[in-house]
Each structure stands twice: as structure tokens, then as C-alpha cells.
Amino acid sequence: QSSAGGEPVEGGTLVYASGDAEPDCLDPHVGGNYPQALIAGQYLESLVSIDEDGEIIPWLASDWTSSEDGLSWDFTLQDDVRFSDGSPLTAADVKATVEHIQDPATGSSTGYLALGKVTGVEAVSDTVARFTLSAPDSALLESLSMPWLAIESAAGIARGIDENCLAPIGTGPFVVDEWVKQDRVSLVRNEEYNSPPADAAHSGPAHLEAIDWRFLPDSASRYAALQAGQVDVIDNAQPDTLAAAADAGTFTEIDAPRPGASNRLELNSGKAPFNDPFVREAFIRAVDVNDGIDALFFGTAERSYSALSSVEPLGYSDEALFDHDLDAAEALLDEAGWTETDADGYRVKNGERLSLAFPVSTNQSIPAEQSLFEQVQATAAEAGFEVTISPLDLSSWYGALFSNDYDVVSAPYTKVGPDVLRILYHSASITPAPSGYFANLAQLNDPELDALLSQASSSLDADERAALYAEAQERILGSFTVLPLYDQQNHFLLGKQVQGARAINTVSTPNFYDAWLSE
Amino acid sequence: MSELELRGVVAGHAPRGRIRVGTLLAGLFALYLLAACLFPDAVATADPNQIAPKEAFSGPSPAHWFGTDESGRDVYSRVVFGTANSLLIGLAATAIGLVLGLILAVLAAFGGRFFDFTVNRTVEVLFAFPGLLLALLVIVIAGPGPVTATIAVGLSTAPGYARIIRGQLIGIRSSGYVEAARVLGHPPSRILGRHILPNALAPLLVLATLGIGQAIVWASALSFLGLGALPPTAEWGAMLSAGRTYIGTAWWLTVFPGLMIVLTTVASTVLGRALTRIGGRS
Amino acid sequence: MTTTPGSTTPLLDVAGLSVSFAHGTVVHDVDLSLHAGECLAIVGESGSGKSVTARALLGLAGPNAAVLAERLELLGTDRLGASERAWRGVRGREVGLVLQDALVSLDPLRPIGREIGDAIRLHERPGAAETHARVLRLLERVAMPNPEQAIRQRSGELSGGLRQRALIAAALALNPPVLIADEPTTALDVSVQARILALLAEVKEQGTGILLISHDLAVVNQLADRIIVMRAGRVVEQGPTRRLLEQPQHAYTRELIAAIPRSAPRPAPATAIPAGGQSGAPPLLQARGLSKAFRVPGGRLQAVDDVSLELHAGQTLGLVGESGSGKSTLARLLLGLATADAGTVTLDGEPWSPLPEKARRGRRHRIGAIYQDSLGSFDPRWSVGRIVQDAIRGPETVTSLLGQVGLAPELAPRNPLTLSGGQRQRVSIARALAAEPELLICDEPVSALDVTVQAQILELLARLQRERGLSMLFISHDLAVIRQLSDRVAVMRGGRILEQGAAESLFTDPQHEYTEQLLADAPRLVG
Amino acid sequence: MTPGSANRVLLRLAGAVFVLWAVATLTFFAMRLIPGDPALAILGGPGSQASPEALEQARREHGLDQPLLVQYAAMLGRLLSGDLGSSYALKVPVADLLAAQLPGTLLLAVCSLLVAWVIAIALALFSTGAGRIAASVGHGIELAGAALPHFWLATVLIAVFSTSLGWLPPVSSGDLSGLVLPVLTLAIPLAGFLAAIMRESMLDALAQPYVLSARARGESELGIRARHAIRHAAIPGVALSGWALGSLLSGAVIVETIFARPGLGRTLVQAVTVRDVPVVTGVVLVVALVYVLMTLASDAASAIVDPRQRAQASPQEVGA
Ligand SMILES: Nc1ncnc2c1ncn2[C@@H]1O[C@H](COP(=O)(O)OP(=O)(O)OP(=O)(O)O)[C@@H](O)[C@H]1O
Ligand SMILES: Nc1ncnc2c1ncn2[C@@H]1O[C@H](COP(=O)(O)OP(=O)(O)OP(=O)(O)O)[C@@H](O)[C@H]1O
Ligand SMILES: [Mg+2]
Ligand SMILES: [Mg+2]
Ligand code: NI
């Protein structure tokens, strides 16, 4: 979607500056976080993709059919696609990919969960891969569109994790050439490339000769480097930078909110005081974030009233539930028995102060968001909530969650499709994994909701599915365990010389297949 | 008969007995800080934690002398209310660092035959352990907070102090006056207390006064790594690191807390000097 | 080619010079002039303003000094209110200055070769090789033994006399037309002193004007053409050397001349002290086979070589010897300040030197010390009063102790850095006495004192010996003083004791030829 | 004397080994003390949804199921054989990681130290003598310099030299021009610190008789400070340098983050965050090693600057 026209120029090296953490492993099967998805999109491809309208479109799979009962899916692969090591893409590679993700030794989390219902893959022929499922999965195609389930060469996987992590072998337009830890990954053009997704602007190899993928953790330096022309594209552009860039008018912005859940606060309904819905509602009524979002995000983020990202077609909003109303909050607290007020102005019940623990991961929340949390703290205090924000490093933050030492928490989750709701709010997700991990941080335990979510995830009827998810979201928002804030922010700034770059509509990662550098 | 004065060689020192302008200013600033510590409400112009998102990022003005921050809070009032926390970190961390450093240095320099190897090596181990890791460990183990930050900063600056003091001590312990004191039969504790430490004190004083500012800066570095003071506590170092994000758009967020740190350092140095001048004369 | 005084423009012409410090004016209205080839000596009481005058002549009176003068001409140029830059051109090139504090006037961190070389380099810019050669030549001229080695040594590695010679070399480096020498021979043994005096005479012969400050009238007599006598900051008398020494007009001058120590035997002690060994009591201090070597550039230096000596209670052992012969090092070994490579020291028959410091501490108070480098032995942050106070063990007070050594109580609050050389030395003595030791190890205790004060101090020591049975190891280059004070005398050279014996027999009948030479070299006032 | 000095060298070496051992031990136990499961680090960080089998297997593979002392012994054994182990998170040998990270950080730290000394000496030389005003200004600069946070300085330097003037690249570009801003960022505060310390000793030194004697030779004020006083003044600073370099190594994290330079500081912080024990141990050992080497060097340098320290190299009986 380059506005500036002209013929694409061949060649050149694009310098991409990423503010996300440097991946530990370039193979997104291993673990599976967003930074991996960002870069893996350049050298790995998925079976299907999603177009601008949210429709599933062909990619490595040219066609797919499901059985009547939804328990068996056949994917037909494109002809004549080759991995960067020269070997042809076959159904065996799809099988190897799924087995790799499902192998506990791989340590996949995102991909592993997304394939929860897949019991196996069978190579029916060289070009047809058959997925068998334990239950119908309405989210299967959405799951398969994600970079964490991208197809890798069986031979590549067979090299073992350590080697595969350094340079996974895929079919993408670029190939990992070298990885200088803590500095950059050099990607070079895949000269044999012939498998663009259905919505690509051209065919054949990429225009760019190479991508220099650098890790620039500091946002101010990232923007300075873009201004100095040292880099062509930056991600994680901060709100103030975006505002400055918009004023300067010398950069192109790509705003690509991530799919899945919105950025939201979850209230831990599993223990006091938030096991009382009145107190939860009181909190949500007391907190005022709208002005803060405007100021802190310089108008680059829009307030959300939905548990789902605005890019999710099935998202459901209800603004009325989140009206700021201090009087209502105080009334609710009175009703819940928090009637006394201590010297510091905090509510007290049975000699106990209305205190909320709010662990914040400094690795995951940007400064603007941390400031917003302080405003949450300040506005909640007006109603008599004492919010204790503790900034923690990643491990300690998870530690606090696992040991149930939190009342309020913000934990973004990216996944294509509304099925993310099942992961985040099904009561099964309250049971921690052996690692201590559990996704239902609101600890929402509602059998009816569970039923709705299970049903929706197996329903192959689009309308029924939409209705079920709407109802489920209504229940979730109505439980006052969630305070939506805004979409998971994902802004890219590009120098004017960069043409034809776009974000892919799956998990909003940038794609440089069509990109070229003018001048 | 014309009497002409010969110029002195070195730029003359200020005449005695008169208080210097610098000392006076430093004293006034110290008083101001003291007031800000004890009666922040009287010194500040607003509630430091009162947010007003609509007024965020407004520059210095008569209503907000130091402007407002990203949440519309009054930066001046936050600076005032941050004084106590910052000075606590500055003073306590420096005290911890210096006292520990002093003990380590004395052990290292006067460990004696028996202690020589073990004590010296133990001290070296502490020196060799990266200060940053020490700080991180303390925070990770004890959780963030002003006390933790103070201890972390104190611990991680101690080796530096120890190193300087030790160098100083080694020079002094072989000096003629220490020998003279030994010949008089004075016990080591007395020699240490009356000759060695006081003479090592001049650079130590500089260290101490510098240390106040540096400790606050150290704490701000911890904030930069996301492990500083607990929000919404106003503390200069945390304000600095929070304001850094907006250095291009709202310079006042970093400049004023930074200025306070620098002024505090300068004032404490000037006062420290004045004190030693007075002490040295009596 | 001697120039007659008065026939030409003087090299140095000063009128109405006054210098004041915060505590008062220390030089009042001094006039002096110096001509080429002339030596003008300033003598006088310790603390009378000699050194301050000398420094003021170079614009170096210090930051706290107010210097006033009616006339200050150097080599015919008016220097009143001269800029710092102009003064720099004068210092070292037109006027060489040998400072009194030889022991601390060399940068302890730099080799003396560099220090002397600086004097050359600053005004002329010869190459490194030439500078080196010139420094070597200078060191030879000032009788520095082994100059090649010394050039690389730092002042801390040199004995007092060696340092003083380095300082003289630095002042002479550019053959300045005026040389101001403030007590240039205090730390030198008589033989070297004779050589230096000969060198100064030679320099004078060549036309240099010398302003000599000395407490040693014998030395003054040898070199000076005219003498100025100062007391309490004022010139009390001046005139040609011979006239002044033979017919002193002013009472103080007469007093001064009367106080000159005659090379005379020690008056018999009032109470007979049994000679060592007879009473069967062990010697108070006994050294057996002491040796000490230092690492020096390019080898080792045996500073003390197999020295044995004993000192009995109530006795004085005089130690004389060549400068750099190991006297101070020996004193440090006896004090337990340095560890001997070999040998032991016993105190009262009990082990002393090989013991750890802890075991010695209890008996430390029995031995007192006066250091050759008195300034270095004072805590730079302490006032005179505090230094003395810190050492007091008996009933004495700071004021009484200062009084005993002839210092005014007003000095008590001063920092030692602002004292005159002789005043510092007396503070050092006062401190040693404050501890009421039984044994005093004195390293050149009176070298910076004018003869009247010196006489007063010697009398004080003699009295203490009489009254308290004080024993002393007395290191001095001044043979007259040694003879006057000692029961026994040891002569050192090259780290060894050459000769040891009863004072009188040693002076009248020296056995060793070095001793003979020493006695011969001693300057005499008349003759 | 020869056997004595040979003994001293041996003792020094033994001391160095002891320091390394103790540092490794401290790190080992400290890392066990902090909350967080290293097995999670192995399996993709604390957020991973690792299965119980995977966790068990990871523990077994890395011996994390053994008693603590057995693990400790195993670690010592590995270290003794020169094996630093493999990073839990990055799955590469720690030695390779360090080999890649150390040179950049070392270059940065050493350059910063040198530049800091140059600035500090210049400050001390030019502001101690010249007039009260100049002295006050110089002193003010020192104090302000010492109280400047690195991240602020870095951002300002980037704003001035990269964004406004366009002279220097804002982030590391792999060549020397990219080193200038990071080095200045680290050097300026250190320089202020060193200069402020030097000033005190300098003023003391300027009152000494040998300075008077140098003046009498015609030495200029600058010469006096440059040739005489500075050496006395430098003694505490030199003593500090070894430690300063060590702390620059680990403290470079902010500069490395802002200027996007690969380096030990970032590695360390990241490794602590995810509990990557082998990497933490590796970095700490490297920093300790550099410290030990630098201490030897700075002791030697101190002895050159101040020969009195040489004489005191062996313990004196001052204390005991
Ligand atoms: N820097 C100073 N500050 C204050 N007083 C000083 C300073 N230097 C010298 N004085 C005082 O000035 C007086 C004269 O000192 P000066 O050094 O000239 O004596 P002097 O005649 O050389 O004595 P001596 O023979 O003992 O060396 C003394 O009382 C001394 O204490
Ligand atoms: N610390 C040291 N390092 C190296 N050499 C030293 C050291 N101390 C003294 N020496 C040398 O040892 C020799 C003896 O020095 P010492 O100070 O004992 O002489 P001295 O007899 O006291 O001479 P003076 O009468 O000149 O004071 C000298 O050559 C001196 O240079
Ligand atoms: Mg004098
Ligand atoms: Mg001597
Ligand atoms: Ni004499």
C-alpha cells in the first residue's frame, strides 16, 4: 500500500531497528513470543494468511477442506515451493513442523496451546497434509496463520534445537545469514522465492537484497537513529515519538494493533477483596483513564471497551459498563461493607485496609503505560482503594502471579481470533501448568462462560460462533473482572525512502517482501 | 616614600573570618532542603500526587513553576516532596558505602600478618563482584523500595570508596608522623583515629559529598532498569528516569530534578569544605 | 677578578623590606645589597626572619604574606610589583635559591635527576642527553657519591646530606648571578661541608653574588665578606665579617659569638655514672650485628653493615660520620621503625628489635626520638600545640615545654608548615621531651639552630641527663657539639662503625684516618 | 630477595585464584537465593507453558535435581576444566557469548577510563590555580559532571551531536565514530569524580615545600601542577582505576542499551532477569578477572606514581 508510486527499485539493504527484546531463538516454535514472530515472518511462512478484511487466504497451502464432523482437515500445498536449503516443501515438512511444536522438548508455548486439539498430522501425499483433531476447532485456520506455527523444513528441524535456533530453514523471501547476538541478524534475499501469500503485490524474489535486523532497545535512540537515517524502519515507536514524527511529517507510520486480547487490567476475582463483585465494580467505576490515555499516548491510542483487540471482527464492546462514576463506586463500597475510612483516606473493613497489589512487569509495560497505571492508582485512591504498584523484573513478575500475589495485573496476550478468550477466561486456565503458568489471571470461574467458550471453539458455523462469542464477552465484561484500556499498541515508523512495506494481518508483524528503497 | 606592594605568588585565599558568598548560598540551599524534608507541605505549592491528565506536559509557568509531568502533576511539588526520599537515599547510601568502604579499607591496609591474606582477599572479592549485580540481587531478593535501593546503592558503591581510602591509607601509614606516633608508643587504634583517618579524610570528604549526588544518580539508574522507587513516590532519581522518555518534548521533567541533584552535591561539598576549614583551624 | 663592593650597580638592592603574616610582621624594614663576587651572610636568631627575607627576594613569600618594600632591584631591574611571569624568568636563572628545608624540598615522587634537570630545562631547552650530562656534572660538583645512581633515586631514598647536595646542584644549575643559600650545609658532615664551601667560594670567585644564611658562624667566617645580624625581624647590626666577629657592637651579636660551642671536652658529670660493664648491669640499649640493605637502581646498597654498639644508662653516645653513611638508618633500626636484615637490638637486656610491634608498644615510651626530618614527623593537620600535647606523659604542659626549648607560647596554634626551620626542630625536641623518655635518639637535633638557642638546648639536654639520668644517642655532624656532649663517640662511614671509644680519647687521639680527616675538616672560627 | 619476591608473586596468584573462586561461589549461591526457577529459563523463560515432563527433563539434563552441594561441586568441576557451561536461554556456550561480548565492552570501558583521566587531569590542571572564579567554575563543572546520570547525558549528547549537528551516529555503527558518544557518556561523570578527588590532594600538595622549591627554580604555575602536584593528587584516582574499570564493565549496561552496543552489561542484566545462571556466572567471572588484572596493573601504576607504596607492598607491623 505504498502511496508514493513509482517503479520498485531492486536491491539495497533495509535496516530495521527492533525495540522488542532480542529473541533467544530465531525459531518461533521454541517458546513463541512476539519478538520471534516479528523476525520469523521474514524467513518463515505459514499455511494460510489473513487479508485486510479478516478473511483467511491461501499461502503455502493453496487449498483446504475439512471433514463433515470437523475432526479432519486436508491441506493441499502449493506446487514447487522450495525451502531455502533447496529441498522441496512437502506434507512431511508440515507433519514434522506440528510434531516439532508438540514435542515437549521443543518447549513451545504459544504454538503448543494453539494446536491443543490437533492429535496428529498425516502426509497423505507429497502435497496433501491431513490434520486429525480430537474435537472440532473453529480457530484452527486462525491458529495456523500465526508465525508461531510457520512451516519449517523437516531436515532443518532434524538438526536439533541448538542449530535450528540460529537459522531456521523456511520458505520465506529472506534467509538468515548471520546472527550477531545482542546486535543484529543479517537476512539476505532468497533468490529462489516463489511463494508469496495471496494478497502480495508482486511475485518472484523480494525487491530488497537484504535486511539488517538490528536490536535497539532504547526508544529514544531508535527514533534518533531513524532521524539520522541510520535505520530505515523502527518498531515500538513510543507515543511521544509518534507525535513528534507526525509533526515532522518526514516519516510514514504503520499502525497495526495486535490481534487477540486488548490491553486490559485484570482483577483477581479468586481472592479478597476482588472476590466480591461489588468491590470489582467499584474499582472499575472509580478508575478514570480516558484523559490519561489521551495525554500519555498523544492521541495515538484509542480507548477500548472490549476484551478483544479492535482488529478482531468478533470483538464486543460495552462502553456503558466502564463509565467513570465516583459516587457509584463509593456507594458500591459502602454496600460491600467497606464503610470505614482511615486517616489516609483508604477504605477499611474489619480493621483491614482496602489494599490492592499491582505487580507491573517493567519488561512488558512501556513508560506511558506505567504512567497510566500511576493514574489508575491515583484515581482509585479517591474512592478509597490503596493500590500498591511494584515494578518487577520479568521473573519476579511471573513469580508474583504464580504465587497469587496480585489483585490487579496487566498481561497482554496475542493470538489470532476470538479463541484467545478461551485461553484467558476458561476456568481450566486457572489451574496452573507445572511451570506455574496460568492464563486466566482474572481467575474467572464461571461454568456458563466455560460452556459458551467451549461451544464457540468447536462451532464450525460462523453465525453461531459469532453469537456465542458475543454472549461470552458480555459475561466477561459484566463480571467486572476486566478493565479494557486500548489495543496492544504496535506502531512502526518508516523513513520516506521505504516503499511497499506493510504489516501482515495475522499478528500484525511487518512484511518486507514487497518493500523497496527509493533514491 | 612610595611603598609598593609585591604581588603574592599564589592567588590569595579569602581573608579569614569572613563567610564566603558561596558558603552562604550553600547554607541557604541546605536550609531550603531541610525545610523541604521536614515541612514539604509548606514548601510545596500543590499535592505532589494530584493527577490532572488534561494538564499533562505543560511547561514552567507561574502556576507550575517547574511545569507538570506526564500525569499533569506539579513537578515543583514533586521535587519538594521527593527531597526527603532522595536525601535519604543519598545520605544513607553514602553512609553505608563509606562506612563499609572505610572498614574494608582499614582491614585491607592494616590487616596485619595473620589477616593479611584472608582479609585482603575477602575484600578483593567484594571489590571484584560487579556492583550492578550486587544491586540487582539485593533488589530481586528484597523487592523494590526505598530501603532496598538505599542498601543496594550503598553496597555497590562501597568497594569504590574502599579502594580510594585504602590507597590513601597506604601512603599515610608510611609517613613520618605515623612513625613518630608509633615511637611515642601510641596504640594502633589511637594512631588510626587521630592521624591516619583524619588525614585520609580530605579526599574522603569529597567522596562523601560527591557520593550523595552519585547515590541518587545510581538509584535513578536502577529506575532506568525498571527497579527504582515505588510509584507514585516522588524521588529525584525516579523522576529523572521517568522524565527521560520525554526529554525531547518536555525538558523540564529531567532538568529540574537533575538540577536539584547537582545543587545538592555542590552545596554539600561547599558546606563540607567550610566545616573542615573551621575544624582545621581550631 | 673580584669586584670591589660599591663600585658597580649591585646585583641585589633592597630597601625597606617588610613581610607580614596574619599573626604579625616578621620582617621589619630590612635593607640589603649584594654585589657581584661578594658574599653577604645573614646570621641571627632562629625565627628572626632570615628565610622569609630570602624567599621574599624572589617573590616567594607565600600566599598569606603581605610584602612591602621601598626598593627591590635585581640585576639593575626594578622588581616591585613584577608580574608572576617576570618573576619566573628571574627564578632559577638570575637568582638561584637553596631552600632551608633540604629534607622536604625535593618532590618525593620524582627522581632527583629530573628535579635538577627541570632547573635547566625551564630556562634553556637543551636535549635530553645534554640535560643528563649537565645534571651529572652538577652532581659531581656537589660531591654526590655515585651520581649515575643518584640521578635515578627519589628524595626518600637519599640521606639528608645527599638531598641537600641535590638541592644545591639544582640552584647552581644555570650559574645564576645571584645565589641565595639558606642553611646550605646543615645536613652535611664536615668533610662534605668543606667541599661545598670550597665550591661556593669558587662560584663566588667567578663573580656570583652569594647571599648566605647560616647559623654556623665558622662557616660564615670562611665565606662571607659582610654579615648582617638579624633578630626578631630586624637587622641589629651589619658590617664586614672580620670587624663584626672581632668587635661586635650590638649586645645580641656579642651574645651570639659567646655562645659558639668550643671544641672542648664534656664537663665532668655532676654525679659519677659508672662506666658500662663495671656495674654488671646490662646496657640500656644494645645492638648486635645490625645490617640493613636497600634496593637502589642497579643494585643494592648496604646502608648499615654489621653494626654493634651499646649505650649505658645516663650516658651519651655521639654518632658522627659521613653524610649518607647510615646514621639515620641505624637510628631507625634502633627505634624499631625499620626491620633489620640481620642483627638484634636489646633494651635493658630484653629483646627489642625482632619483636612484633605489639610486644614493643608497652616499652615504647622509654625511648624518645628527634627526627632529622622534623616537618615530615608532624601530622600536617595538627597545630604545634596539639603535636606536643599528644606526646605529654608527665606533668609538663605545652607552654612549659615550648618555653624550655625557647619557643613562645603564641606558636602553639600555628601549623608546622608556617614555622621557621629552627622552630620546627625545637617543636620536635619539645615533643620528644614531653614523653619523658629514658633514652633519646636524636638525629641532628640542633642542626638548624643558631648558636645561642643551640647552647640553650644543649644545656637543657645536659640538665635532663644530670637530673633524670637521660641516656642519648646523639647524631650530629657538628664535632664541637658532639665533643661537648658525649661520653663515647662512634664514627660511621659506608654503613660501618669505623671507630668507637671514649669521647675525649677519640678527639685527642683518633685511631682511624677518616676520623683524623673529619677533625681536620671541621671549620674553625679563627684560624 | 629473589625467593621473597617469587613468593610474593605466588601469593598474588593464589590470591587471584581465590578471588575468582569466591566470586563464582557467591554468584552460585546468590542465584539460588533469588526467586525464579532456572529450569524455566532453559525452557524459554518464565512465561513459557512448559509441560511437567519438559521441566523434569530440563532439570535432569542440567543436574538441577541434584542436591545443592552436588550442583555446586559440579559447577566448580566444570569451571576448573575451563568449561563455563552453556547459556540456559540462548543455548550457546557461555565462552562463545563472552568472547563475542567482551571485546566491545572492554574497548568501551578502557577508552572511557582513558578519556576520563584526560578530562580529569585537564580539569584539575586548569582550574586549581587560576583565580578564585575559575577555580569555582572548574569545581562546579566537576561536581555537576559527577552528578550527571548516564542516561540523561547520553540522550543530551545524542540530541546535540547526532540529531542537531549530525556529526556522529546516534547508535553504534561498528566503527570508531560510533564509539565517541558512548565513551563520552561514561567518561564525563567519571572524569568529574576523578577531578574532584584530585583537587583535594592537589591543594594539599601545593602547600608542600617541594612546590616552593620548584617555584624557586622558575617553574610556572601550570608546570608546578603538571609536573609535581598532579602526581601526588593522582594517587587516589590511580588506586581507583582498577575498580572503576571493573564497574564500568558491568555498569556499561545503560550506555550499551541506549547506543545499542552488544556488551557484557546488557548480557548480565538480561541474564539476571531470566535467571540464566551460567551466563551470570560467566560474566561475573570475567568482570572479576578483569578486576584482578587491573588491580595488579593499578597497584603497579600506583607504585610508579608513588614509590612509597612499593616499599609497603609487604605488610608492615603497623597494626598488629
Ligand atoms: N608561611 C608562614 N606563615 C606564617 N608565619 C610564618 C611563615 N613562614 C615563616 N613564618 C614566621 O616568620 C618568622 C620568621 O621565619 P623564618 O623562617 O624567616 O625564620 P628564620 O630566621 O629563617 O629562622 P631559622 O633559623 O629557625 O630558620 C617565624 O616566626 C615564623 O614562624
Ligand atoms: N628508603 C631507602 N631506599 C633506598 N636507599 C635508602 C633509603 N633510605 C636510605 N637510603 C640510603 O642509605 C644510605 C644511608 O642513609 P642514611 O639516611 O642512613 O644516611 P645518614 O648517615 O643519616 O646521612 P645524613 O647525615 O646525610 O643524613 C644513603 O646512601 C641513602 O641514600
Ligand atoms: Mg630559616
Ligand atoms: Mg640522616
Ligand atoms: Ni651546623
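Trainee: Which residues coordinate the magnesium ion (ligand 3)?

Mentor: Donors are N, O and S atoms within 2.8 Å of the metal (3.2 Å for Na, K and Ca); water is not among the atoms, so sites may look incomplete. Here C:Ser51 (OG) and C:Gln100 (OE1) coordinate the magnesium ion, at 1.9 to 2.0 Å. The two are 49 residues apart: C:Ser51 lies in helix H1 (residues 50–56) of chain C, C:Gln100 in the loop between strand S7 (95–98) and helix H3 (112–123) of that chain. Helices (H or I, at least four residues) and strands (E, at least two) are DSSP runs, numbered from the N terminus.

This is a predicted model: local features need pLDDT of at least 70, side-chain atom pairs count only at pLDDT 80 or more, and totals for chains, interfaces and linings use all residues. Residues are numbered from 1 along each chain as its sequence is written, chains are lettered from A and ligands numbered from 1 in written order, and side-chain values use heavy atoms, without hydrogens and water.

Trainee: Is C:Ser51 buried or exposed?

Mentor: Buried means under 20% relative accessible area, exposed over 50%, partly exposed in between (1.4 Å probe, protein chains only). C:Ser51 is buried because its relative accessibility is 13%; C:Gln100, at 14%, is buried too.

Trainee: Where in chain D is confidence lowest?

Mentor: pLDDT is the predictor's confidence in each residue, from 0 to 100. Where it is low, the predicted coordinates should not be read in detail. In chain D, helix H14 (residues 307–311) is lowest, at a mean of 55, and helix H5 (residues 94–128) highest, at 87. Chain D averages 78.
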